[in-house]
Amino acid sequence: LWVWGLFKEPLYPFMLLQLETKLFDLIGDDGDFIKPTTLFAQVPHTRNKETGSSFTNAVLTVRETETVSADVFGKATVDIFEEFSVGSIRIYPKEEEVEEEVV
């Protein structure tokens with residue numbers, strides 16, 4: 001269907017987003033912190049002739065990865081991951097003014 005993209009702008013149903021975070025110290029005297037991690041999101045994408053492109057809310061996840069043996073000899077390995085929801089994300093167009101939300 002790539003040939004169709006030559007004649008019309010291709011329609012992608014979502015955007016894959018990956019965000020790298022740094023170490024984050026928590027307030028207090030306990031020395032608690034949030035370790036650096038990678039956040040993932042699959043952000044739904046729609047396109048409308050009148051309004052243009054837009055994204056909708058998406059779930060932010062982290063992945064817990066485990067490396068396991070893929071053969072009986074132990075030479076080949078495969079990474080298996082499980083995703084855990086940690087929040088949500090919303091992407092706004094640059095032109096749109098957004099009021100801060102209080103959670």
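Which residues does threonine 61 touch, not counting residues up to four places away in sequence? Keep that question in mind while we take a walk through this predicted model.

Let's start with the overall layout. Of the 103 residues in the protein chain, 12% are buried. The chain's accessible surface is about 9600 Å², and carbon and sulfur atoms account for 56% of that surface. If you take the contacts between residues at least 6 apart in sequence, 36% of them join residues at least 24 apart.

The largest nonpolar core has eight residues: Leu17, Leu39, Ala41, Val43, Ala58, Leu60, Val62 and Ile89. Two elements each give two or more residues to this core, namely strand S4 (38-48) and strand S6 (58-69).

Leucine 17 belongs to strand S1 (residues 14-20). Beyond its neighbours within four places in sequence, leucine 17 makes contact with Leu39, Phe40, Ala41 and Ile89. The C-alpha atoms of leucine 17 and glutamine 42 are 6.2 Å apart, although 25 residues separate the two in sequence. Alanine 41, with residues up to four places away in sequence again set aside, touches Met15, Leu16, Leu17, Ala58, Val59, Leu60 and Ile89.

That brings us back to threonine 61, which sits in strand S6. Its touching partners, not counting residues up to four places away in sequence, are Thr38, Leu39, Phe40, Glu83, Phe84, Ser85 and Val86. Is threonine 61 buried or exposed? Its relative accessible area is 10%, so threonine 61 counts as buried, the cut-off being under 20%.

Side chains of opposite charge can pair when their charged atoms come close. The structure holds one salt bridge, and in it the side chains of arginine 63 and glutamate 83 meet at 2.9 Å, N to O. Because arginine 63 is in strand S6 and glutamate 83 is in strand S7 (residues 77-89), this pair ties together parts that are 20 residues apart in sequence. How accessible are the two residues of the pair? Arginine 63 is partly exposed, at a relative accessible area of 36%, and glutamate 83 is partly exposed too, at 39%.

How values were computed. Residues numbered from 1 in each chain as written. Predicted model: local features only at pLDDT ≥ 70, side-chain atom pairs only at ≥ 80, totals over all residues. Heavy atoms only, no water. Core = buried A, V, L, I, M, F, W, Y, C linked by side-chain atoms within 4.5 Å. Buried < 20%, exposed > 50% of the residue type's maximum accessible area, 1.4 Å probe, protein only. Helix = DSSP H or I, 4+ residues; strand = E, 2+ residues; numbered from the N terminus. Contact = heavy atoms within 4.5 Å. Areas by Shrake-Rupley, 256 points an atom, 1.4 Å probe, with all protein chains shown as cover. Salt bridge = Lys/Arg side-chain N within 4 Å of Asp/Glu carboxyl O.
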